[in-house]
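Open the model in your viewer and keep the selection panel at hand.

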Amino acid sequence: MASELVTNAYLYSSGPYSLRLRDAGRSRIRLSVRDTGPHIPAPFRWDAGTPEELAERGRGLYLVTLHVDCWGTYPMRDGLSGQGRMVLWAECAAKA
Ligand SMILES: Nc1ncnc2c1ncn2[C@@H]1O[C@H](COP(=O)(O)OP(=O)(O)O)[C@@H](O)[C@H]1O
Ligand SMILES: [Mg+2]
């Protein structure tokens, strides 16, 4: 999950990006990736559909949403310079 979100930040945003991991309680770990993208990527919006059956791209975030317990996104309007403007996060069980 972390690799998918970080790879997207590398590929699709042009400024600094960062990965943050923290204990989210309830035996979950939350991973958050912040980057400078001004727009929430379509696959990570509530109204996103499913990818085309034969599509070779555009599946990564869809797969993330299927395999985590919960996910979301929020803008960072007042971040310090260079700290990014959008966060995508996902939570999954930290224990089996
Ligand atoms: N961090 C991001 N910033 C801006 N656009 C993004 C970001 N992550 C994903 N996107 C957009 O969402 C699309 C789908 O992403 P994804 O589901 O990961 O598939 P893929 O990486 O194979 O294109 C990308 O092609 C890109 O246009
Ligand atoms: Mg991707």
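A nonpolar core here is a set of buried Ala, Val, Leu, Ile, Met, Phe, Trp, Tyr and Cys residues joined through C-beta atoms within 7 Å. Buried means that 20 or more other C-beta atoms lie within 10 Å of a residue's own, with C-beta atoms placed from the backbone.

This is a predicted model: local features need pLDDT of at least 70, side-chain atom pairs count only at pLDDT 80 or more, and totals for chains, interfaces and linings use all residues. Residues are numbered from 1 along each chain as its sequence is written, while chains are lettered from A and ligands numbered from 1 in the order in which they are written.

**Core.** Select Leu-5, Ala-9, Tyr-17, Leu-31, Val-33, Phe-44, Leu-61, Val-64, Trp-71, Leu-88, Trp-89 and Ala-90: these 12 residues are the largest nonpolar core. H1, strand E2 (28–35), H2 and strand E4 (86–93) each give two or more of them. E4 has the largest share, three residues.

**Fold.** Now colour by element.

**Ligand 1.** Which residues come nearest to ligand 1? Pick Asn-8, Gly-37, Pro-41, Gly-60 and Leu-61, out of 15 around ligand 1; near means a C-beta atom, placed from the backbone, within 6 Å. Helix H1 (2–12) and helix H2 (60–67) each supply at least two residues of the shell.

Methods
Helix = DSSP H or I, 4+ residues; strand = E, 2+ residues; numbered from the N terminus.
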